[in-house]
Amino acid sequence: MMNRALSIRSSNRSSGASTHSHGSSSTHAAPSRRGFSLSSLRGTIQPELSKRLFRLIKSANNLVSAHETAAKERISIATQLSEWGEQTNDEAISDVSDKVGVILSEMGEQEDTYAHALDDSRGTLKTIRNTEKSVQPSRDGRNKIADEIAKIKAKEPESTKLVVLEQELVRAEAENLVAEAQLTNITRQKLKEAYQAEFIATVERAEKQIILARHGLRLLQLLDDTPVVPGNARPRYENASQARQILNDAEDDLKDWRLPDGLLSTEGSEDGNFTTAGQSTPRQTQRQRSPKSPDGGSVTGGAQNGGGGVAEGKAAEIGA
């Protein structure tokens with residue numbers, strides 16, 4: 001898990017960012033991938049054999065960009081939520097919105113990780129495309145010789161060129177046979193590799209976001225939304241330590257997550273479907289909520305004394 005502060009505000013301040021900026025740009029912009037180049041321009045002219053896969057790979061690039069954009073926007077929204085909560089001057093809203101912002105920010109990071117996994121899968125498909133491009137000349141050469149032989153046989157059946165061309169055709173067919181075998185081997189291997197990696201990344205993204213969403217719901221339960229009569233004061237907010245513990249729980253669950261055993265196994269399945277064995281369970285079901293942070297815990301962000309539970313500039317990192 002990437003380093004995560006217990007407060008988005010504290011991480012922004014430590015990096016010199018404005019605490020009242022509401023722009024749409026993310027403070028955790030994902031590394032940009034390679035953009036336009038002369039090679040990409042030349043790539044628009046493809047052999048017939050590799051045209052379809054070339055278009056598929058280009059479309060996959062658009063998908064990767066969409067997930068990267070979604071990740072940036074999620075992180076930006078998380079920051080804006082935290083900053084809005086701080087200016088409400090409501091102790092409970094300030095603390096809960098800040099902690100929910102941390103959860104949302106981590107969901108954005110998971111989206112960015114997924115985008116990079118999609119890009120890696122796309123890169124694997126390029127191996128098939130490049131092999132198709134290398135096989136096309138072999139096919140064309142073989143077909144050209146065969147066509148020339150057919151023309152000569154139709155016009156000059158006794159031509160001495162036929163013997164030479166037929167020998168060239170034998171060599172061309174042998175070379176093409178090797179190339180075609182290489183193509184089918186690489187296609188099967190890389191197709192399986194590309195989409196197996198993509199599906200595994202999809203499972204990881206889904207299960208980790210479920211973990212984060214469940215802990216986000218736990219955070220919202222700490223916010224008392226019972227209506228109050230005008231003139232009456234709300235009870236003092238005393239859930240800051242529980243909110244910090246929930247973030248610690250989320251950190252632990254993400255670190256403990258493992259790909260379910262048997263995910264790639266088809267044994268014992270008559271229809272050949274993949275089977276899964278077990279799923280990660282949030283620590284909400286594994287431990288009682290503690291009103292205090294555990295002794296010796298890693299939480300150092302804390303709340304201001306009398307400051308409405310707003311995390312200070314000293315941030316504790318979630319994740320090793």
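## Basis of the values

The model is predicted: local features need pLDDT of at least 70, side-chain atom pairs count only at pLDDT 80 or more, and totals for chains, interfaces and linings use all residues. Residues are numbered from 1 along each chain as its sequence is written, and side-chain values use heavy atoms, leaving out hydrogens and water.

## Overall fold

The protein chain has six helices and four strands. Both kinds of element are DSSP runs numbered from the N terminus: helices are H or I with at least four residues, strands are E with at least two. From the N terminus the order is β-α-α-α-α-α-α-β-β-β.

Of the 320 residues, 38% count as buried; buried means under 20% relative accessible area, exposed over 50% and partly exposed in between, with a 1.4 Å probe and protein chains only. Contact means heavy atoms within 4.5 Å. Among contacts between residues at least 6 apart in sequence, 79% join residues at least 24 apart.

Two packed helices are described by the angle between their axes and the distance between the axes. Axes here are lines fitted to C-alpha atoms, for helices over the stretch in contact, and angles run from 0 to 180 degrees between N-to-C directions. Angles under 35 degrees count as roughly parallel, over 145 as roughly antiparallel, 65 to 115 as roughly perpendicular and the rest as oblique.

The axes of helix α3 (residues 51-86) and α4 come within 8 Å and cross at roughly 170°, which means that α3 is roughly antiparallel to α4. By class, this contact of α3 with α4 has 22 nonpolar, 10 polar and 12 charged residues. The nonpolar class is Ala, Val, Leu, Ile, Met, Phe, Trp, Tyr, Cys and Pro; Asp, Glu, Lys and Arg are charged, and the others, Gly among them, are polar.

Helix α4 (residues 91-155) and helix α6 (residues 240-256) have axes that come within 10 Å and cross at roughly 10°, so α4 is roughly parallel to α6. On the α4 side the contact involves Asp 95, Lys 99, Val 102, Ile 103 and Glu 106; on the α6 side it involves Ala 240, Ala 243, Arg 244, Leu 247, Ala 250 and Leu 254. The contact of α4 with α6 has seven nonpolar, no polar and four charged residues.

## Helix α6 with α5

For helix α5 (residues 161-221) and α6, the axes come within 10 Å and cross at roughly 170°; α5 and α6 are therefore roughly antiparallel to each other. Residues of α5 in this contact include Ile 211, Leu 212 and His 215, and those of α6 include Ile 246, Leu 247 and Asp 249. By class there are eight nonpolar, one polar and four charged residues in the contact of α5 with α6.

Helix α6 is mostly covered, with 14 of its 17 residues buried. UniProt, in an unreviewed entry, places the feature "coiled-coil region" at residues 162-189; UniProt positions are given in the numbering used here, feature names are shortened, and annotations may be inferred rather than shown by experiment. Over residues 162-189 the chain is 100% helix and 0% strand, with end C-alpha atoms 40 Å apart.

Arg 244 lies in helix α6 and is buried, with a relative accessible area of 14%.

Gln 136 is in helix α4 and is buried, with a relative accessible area of 13%. Leaving aside neighbours within four places in sequence, Gln 136 is in contact with Pro 47, Glu 48 and Leu 49.
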